[in-house]
Amino acid sequence: MRARILVVDDDPALAEMLTIVLRGEGFDSAIVRDGSRALDAFREVRPDLVLLDLMLPGLSGLDVCKQIRAESGVPIIMLTAKTDTVDVVLGLESGADDYVMKPFKPKELTARVRARLRRGDVGTVERLRVADVEVDVPGHQVLRGGAPISLTPLEFDLLVALARKPRQVFTREMLLEQVWGYRHAADTRLVNVHVQRLRSKIEKDPEHPEVVVTVRGVGYRAGAA
Amino acid sequence: MTLSTPQQPARNAAAGSGSADGDAAAASSAGASVAGESPVADAVGGESVGGAAVVGAAAVGAAAPAAAEDRNDRGGGRREQRHTRDIWWRRLTHSSRSLRLRVVVMTLVLSSVVMVLLGVVLQRQIRDGLLANKQSAAIAEIENAMATARVQLVGAETNPTKLRSQLARLVQDIGNPARVSDTGAQGSTAGVFDPVVAPLRPGASVASAVGPIDDVPPPLRAEVEGGNETWQYTTVMRKNAAGVLAPVPALVVGGPVVIPRSGDAFGVYLIFLLTTEQKTLAVVQQTLLVGAAALALALGLIAFLVATAVLRPIRRASAVAARVAAGDLSERMPVRGAAELTSMASSFNGMAEAIRAQIRQLEEFGALQRRFTSDVSHELRTPLTTVRMAADTLHAGRDEFPPHLARATELMVDELDRFEDLLTDLLEISRYDAGMAELQAESVDVRTSVMDCVAAAGPVAATTGVRIITHLPDAEVRAEVDVRRVERILRNLLNNAVDHAEGGSIDVELAADEDALAIAVTDYGVGLKPGEAGLVFNRFWRADPSRQRRTGGTGLGLAIALEDARLHGGWLQAWGNPGRGARFRLTLPRVPGFMLSASPLPLRPPDDEAGDRDGVGGGGVGSVVGGGDPAANIVAGRGAYDAMRAGGPFVVGPGLGASVGAPAGPDAGARTGPDTGPHTGPEGGHG
């Protein structure tokens, strides 16, 4: 089945070009040009991934991002022309999984899209434990005391990556490669922001994390089971 | 951007270095060990002359780094001492500059001078008055005494013994004139006196005189003997209250008495002691002194109070100005009080208002510029993205095109890359111009960044036959820097070096001391002409416009690198010699905000000497790191380098990839060829 991608961009030429490139790579795409209609389009199209321009008429990209995130964990990749660090962090904190800086090359974009669409290899029946949290890998569920915790696929991947090797300390670069699929050095803020988001959902006290533990000066590891 | 160093000094320095090179070359021929020593001295000497354009942090003067470095080499202790002394000196001069203190001191000094002058004049007046009185009284008294003598000595005895008793009687009569006449009395106007009568007959000895003739000064006696009536001030010895002989000032008057018929002559003298006058004068003097001191103190106090009162509004104004300077632009001075003060206050307020308006305008401009940058960034990037994607799509399908269209597509894609680089650099520099750049400092081991950048530059270097030799310290070089910017500086320096190395080698050195770290990138290619060292940081400046750029530089790289260095509070400096190469040195504080005063690396290459370099042209790595290579001398020769010796140089070159030698001394490194050392390709993630 071809993956469906919702392109939210106000620039008609870019939107059309994106469609051409995505079709060429074997994706279906739908375009919405107005931020205020993005959520309706999202509900209608039910995409597998959203490409979201941050500068939009109607409703800003950050708000669209929050709206979508409120009802779905669908991967969101921001298209941003701003190199200013604040905007990138704000976008990630609004729930975007990844971002691509304009101008980008088609290959760069499709690599990012594929990385987000690629689901973890769900072969074996696997149940992992981190601290007091239970991870059902094939069922894509995280449970604490039997009660499910809702995570986005990215957050789920992040947790699984850590949980599969509980003894290993992961550097941010390792996580960027395993979870985001970056082969070269990339923006480590991606990791920082998403670890914070993950913690806010699965930790009892995000100030004193037990599930995702920081190893100072190195990176992160899973808490003891 | 400004260039702190004009062309002239650079040219001078280059001329100076020429002769120094000759010496170095001569020394180097003496042997490897000597060659290792002498370039150091040359390098240091060259630097203190200012042999390079210094385009450093704005706060530090152009010549300061080199000079400070020179000082620093000689020892920190003295510097500290000087520092303490400076502080004290500053405090001292500051307090002496206090207006209030100055007013008080000036008042005290000037009033003291006036008091002293006044006191001297007054004292003299009083003394002269007292003495004039005394003199006139004394003259009246001597007239009396002479008249008495003239009467009593008519028919004076010739027998000395009888004469003596006669004279004694006379003296007694003169001493108590009341008995003889009523014109005066002993102890009245003229005060107490001692009469003396001496015969002036020829042959009469002094001993025949009656009264303390010794107290009469000889010149006076001579005058009287000559027939004149006269007076003189002198000092006589008298017993004071304690019974001790002490000198007492006295007025002696004398006159001759000639007996008409016998022609007998006598000298009559009266000795007036000036004890009373002296006492009076002492009292006057004391009074004057106490009065003057009290008055001077009072004046000082008054001056202090007046100065305080006058300065109070000034102090208030200074406090207000300080608050304005601290950023509270709405602060104003109250306009009241004396006319001068209100005019000052209103001018000040006018100034503050003008400044506020100006700053607001600048802020608006800044905001406008920032928005413009952001808008341009977005507006340009969106269409560029579309074009980029379209071009890449075309490029991907170029096999289906006829050859000329396929080639056109390729050209389009290549030029789009350049366009993008240019746009990125332009936006970066406009961000600096708008003051939007901020430092994202984090603690890192700078060696990692250096190795990453060298590895990244490897492939391009390899295509031009350039070897990059890295000298890193064994210990980690931890510093709080903005990694993104530091790596960008390094990339720019490396690209620049690769462009200009002419197929030679490039040395990358890293060194650190307690406060600073330095990275020097040295190439041995075309070099820089005199004066160019300062120009290289200019935007779009090119040494030779016809030169082909291999790394596709935008012409903004070094300008951005300089801004990046400045943002860290660091220096980026260039040194070059035509035909022998160029060296760029980046010096960064290890902690942001630290004021740099010296760099751990010299700006001139320590082995800057002609000839050697050409021998390194071809061949294997063995010759690159071998003992004959100056690059090894850099490490081996410098005592200062011992602490940060590279463990076997890290080399990137054509067909070599990156080789990291064993962490041993450079001598061992020289033996450790790439064949024995562990290899890491430039694209393989090392470190």
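Predicted model: local features only at pLDDT ≥ 70, side-chain atom pairs only at ≥ 80, totals over all residues.
Residues are numbered from 1 along each chain as its sequence is written, and chains are lettered from A and ligands numbered from 1 in the order in which they are written. Local features need pLDDT of at least 70, side-chain atom pairs count only at pLDDT 80 or more, and totals for chains, interfaces and linings use all residues, while side-chain values use heavy atoms, with hydrogens and water left out.

Trainee: What is the area buried between chain B and chain A?

Mentor: Contact means heavy atoms within 4.5 Å, and by this rule 18 residues of chain B are in contact with 20 residues of chain A. Buried area is the accessible area (1.4 Å probe) that two parts lose on being put together, summed over both. Carbon and sulfur atoms give 64% of the buried area, which is about 1700 Å².

Trainee: Which residue of chain A forms a salt bridge with B:Asp417?

Mentor: A salt bridge is a side-chain nitrogen of Lys or Arg within 4 Å of a carboxyl oxygen of Asp or Glu. The count between the two chains is 1 salt bridge. In the salt bridge of B:Asp417, the closest N and O atoms are 3.9 Å apart, and the partner is A:Lys105.

Trainee: Which helix gives the most to the side of chain B that touches chain A?

Mentor: Helices (H or I, at least four residues) and strands (E, at least two) are DSSP runs, numbered from the N terminus. On the side of chain B that touches chain A, α9 (339-396) and α10 (403-433) of chain B each supply at least two residues. With 13 residues, the element that gives the most is α9(B).

Trainee: Which strands stand at the edges of the open sheet of 5 strands in chain A?

Mentor: Two strands pair if DSSP finds at least two bridges between them. The pairing in this sheet is parallel, and the order is β2-β1-β3-β4-β5 of chain A. Each edge strand pairs on one side only, and these strands are β2 (28-32) and β5 (98-101) of chain A.

Trainee: Which residue takes a positive phi in the hairpin of β8(A) and β9(A)?

Mentor: Strand β8 (residues 141-144) of chain A is joined by 4 bridges to the antiparallel strand β7 (residues 133-136) of chain A. β8(A) also pairs in the antiparallel sense with strand β9 (residues 147-149) of chain A, over 3 bridges. In the hairpin of β8(A) and β9(A) there are 2 residues between the strands, and the residue with a positive phi near 55° is A:Gly145.

Trainee: Why is one side of β1 and of β2 in chain B left without a neighbour in the sheet?

Mentor: The open sheet of 4 strands in chain B has antiparallel pairing and the order β1-β4-β3-β2. β1 (193-199) and β2 (230-239) of chain B stand at the edges, so one side of each lacks a neighbour in the sheet: each has a single partner strand.

Trainee: At what angle to β3(B) does helix α5 of chain B run?

Mentor: Axes are lines fitted to C-alpha atoms, for helices over the stretch in contact, and angles run from 0 to 180 degrees between N-to-C directions. Helix α5 (residues 99-152) lies across β1, β2, β3 and β4 (265-273) of chain B. Its angle to β3(B) is about 45°.
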